[in-house]
Amino acid sequence: MNLLSVENIAKAYGEHVLFSDISFGINKDQKIALIAKNGSGKTSILNILSGLDTPDSGQVNYRKGIRVSFLDQEPNLDPELTIEQTIFASDNEVLKVIRAYEKALENPEDADAYQTAFEGMERFQAWDFETQYKQILSKLNLHDVNLKVNILSGGQKKRLALADALINKPDLLVLDEPTNHLDLEMIEWLEQYFAKENMTLFMVTHDRYFLERVCNEIIELDEGVLYPYKGNYSYYLEKKEARIEQEATEQHKSKILFKKELNWMRRQPKARTTKSKSRIDDFYEIKERANKRRNENEVELEINMERMGTKIIELHKISKSYPNKPILDDFEYNFLRGERIGIIGKNGAGKSTFLNILSGKEEPDSGKVVVGETIKFGYYTQKGINIKDGQKVIDVIREFGDYIPLAKGRQISAQQLLERFLFDRKKQYDFVDKLSGGERKRLYLCTILIQNPNFLILDEPTNDLDIVTLNVLESFLMDFPGCLIVVSHDRYFMDKIVDHLFVFRGDAVIEDFPGNYSDYRSYEDSAVLESRAAKKEKPQESSETNDKGSWKKEEKKKLSFQEQKEYTNIEREIKKLEAKKEKTQQKFTDTSLSGDQIKELSIELKEIEDAIEAKTERWFELSALL
């Protein structure tokens with residue numbers, strides 16, 4: 001059953017055409033994601049669907065009588081209403097019945113009102129619905145329903161808008177970056193919720209695990225053309241690669257045909273027949289196909305990292321608390337060169353406070369932060385870039401200089417640097433306040449990296465960045481030789497770039513977990529299962545006895561923290577050695593090598609193979625203990 005049809009819509013801002021002649025439909029039970037580069041028009045399409053904007057041409061048709069909910073990146077909520085009033089302000093009939101019942105409970109002396117409300121709950125079978133809506137509010141950490149909207153943080157407003165959209169049980173739910181401002185537990189709950197509920201979804205999101213586990217269709221807006229893929233994110237990646245290869249093959253054939261037709265055109269006499277005129281028209285179509293180029297520019301990240309000394313950062317008995325809310329309690333840690341730490345925990349657990357103390361933006365209540373003399377911070381905060389009135393994109397970069405230093409003593413101009421971050425010469429002279437949310441984040445990232453930091457702190461760097469930029473940022477960070485601390489709800493991003501985690505449990509409890517986020521979730525899930533199994537099963541007695549004849553429990557050896565850390569890093573070390581082995585083997589193909597050089601290479605290769613064997617043996621030992 002078709003719920004919505006988009007027919008030949010187009011949108012342009014002045015001379016800048018976002019898209020034209022775009023058509024697609026949304027059917028019941030589809031879960032569709034829209035993917036495109038920043039600035040391609042994703043948010044414009046969502047605004048057109050929600051009625052906040054109108055297309056320059058074309059139309060959007062909804063099935064008559066369907067209920068649609070929209071979740072914007074910045075929800076427009078009535079600041080004078082409480083959380084509860086916002087929820088009950090809906091036109092949903094069941095919510096009105098629940099509201100009447102709760103009011104009747106507040107005035108138990110009015111027996112008639114209570115009876116009417118009770119009958120309404122029975123008639124609409126609203127008992128389960130009431131339980132579910134309270135569960136949704138609880139899962140999204142909206143416990144005090146009497147709080148007014150005007151005192152909520154931006155994240156709380158986004159979660160309230162999400163709760164409102166879910167509770168309304170719409171026929172179609174349109175979501176713009178639904179995972180922003182959600183902590184990891186909330187995102188995983190939302191994944192499970194969408195998997196369980198028969199709900200039709202149309203969303204824009206950069207969360208690749210979310211795309212993989214929730215969506216059953218992906219639509220890509222690429223250079224103004226829509227390409228549908230009937231599958232999840234993995235299927236999309238596979239089929240997109242095949243499509244681009246096919247396009248390259250077709251363009252190659254068009255170029256060959258173009259050369260042939262070009263020779264024919266040059267041989268044409270001045271007087272042309274009707275038949276040749278048709279061929280001439282075909283020639284111009286072939287020429288257009290042959291000269292068509294994909295805009296495959298990617299962000300190029302390159303910096304001249306400041307030299308890092310032996311002393312990085314030392315935290316000595318750091319404590320920090322707010323009224324009735326402890327954040328840190330005698331926390332100690334010494335950072336090492338090249339550490340890559342991810343920070344996870346519920347919203348409000350103190351992650352951003354920790355980063356501010358680390359970078360010197362906030363003072364601890366007690367304790368001492370000792371920063372090495374060579375350390376230069378690059379701090380990417382959630383607040384983003386400070387926009388000045390009338391400031392253009394090029395002006396933002398020129399605040400750091402007309403020429404920017406790169407690695408190996410090279411330098412580039414501010415204009416060239418912006419081009420590397422996908423801001424062409426025309427875009428560089430746009431006003432910053434006209435940029436899309438993702439483009440602003442990309443510009444902000446540019447201003448952080450050109451300051452040549454050797455200690456990067458990234459607080460939610462993935463919000464609003466398109467998937468192309470995320471992939472490039474991940475590649476850059478994997479090769480970044482300095483220290484790195486990341487707070488992110490993007491599990492795919494965390495899995496690729498961090499070696500261990502600081503888990504903020506709340507109440508000043510911080511655990512150091514040796515592994516990435518997926519390792520942590522597997523560990524947590526297994527711990528929960530073991531705990532449940534232990535409660536169900538009676539403890540079994542071992543056949544071994546001690547000196548006094550009492551039964552002795554079999555003890556299982558656990559890995560120490562250092563062993564866990566070693567286990568996490570050893571696979572990466574083996575991969576590096578394998579790559580080194582392959583390079584060494586390739587050197588033997590050089591026919592100009594002397595006998596002594598061959599001997600040296602043979603010794604080097606034997607040492608690498610011995611190291612691989614030792615590392616592999618150690619990996620099996622640690623695996624056995626796990």
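Student: What makes the approach of the S488 side chain to the backbone nitrogen of D490 a polar contact?

Tutor: In this predicted model, the side chain of S488 reaches that nitrogen of D490 at 2.9 Å. The cut-off is 3.5 Å between N or O atoms that can donate and accept a hydrogen, so the pair qualifies.

Student: Why is S488 called buried?

Tutor: Its relative accessible area is 3%. Buried means under 20%, so S488 belongs in that class. S488 sits in the loop between β18 (483-487) and α17 (491-497). Leaving aside neighbours within four places in sequence, its contacts include L184, I343, E460 and F493.

Student: How do you know that β10 and β11 pair?

Tutor: Two strands need at least two bridges to count as paired. Strands β10 (residues 313-322) and β11 (residues 325-334) have six, in the antiparallel sense.

Student: What makes β2 and β4 edge strands?

Tutor: The open sheet has the order β2-β1-β4, with antiparallel pairing. β2 (16-27) and β4 (57-62) each have a single partner strand, so one side of each lacks a neighbour in the sheet. On average, neighbouring strands here are turned by 15° against each other, direction ignored.

Student: Which helix lies across this sheet's strands β1, β2 and β4?

Tutor: That is α1 (residues 42-50), running at about 55° to β2.

Methods: Residues are numbered from 1 along each chain as its sequence is written. This is a predicted model: local features need pLDDT of at least 70, side-chain atom pairs count only at pLDDT 80 or more; totals for chains, interfaces and linings use all residues. Side-chain values use heavy atoms; hydrogens and water are left out. Helices (H or I, at least four residues) and strands (E, at least two) are DSSP runs, numbered from the N terminus. Buried means under 20% relative accessible area, exposed over 50%, partly exposed in between (1.4 Å probe, protein chains only). Contact means heavy atoms within 4.5 Å. Axes are lines fitted to C-alpha atoms, for helices over the stretch in contact, and angles run from 0 to 180 degrees between N-to-C directions.
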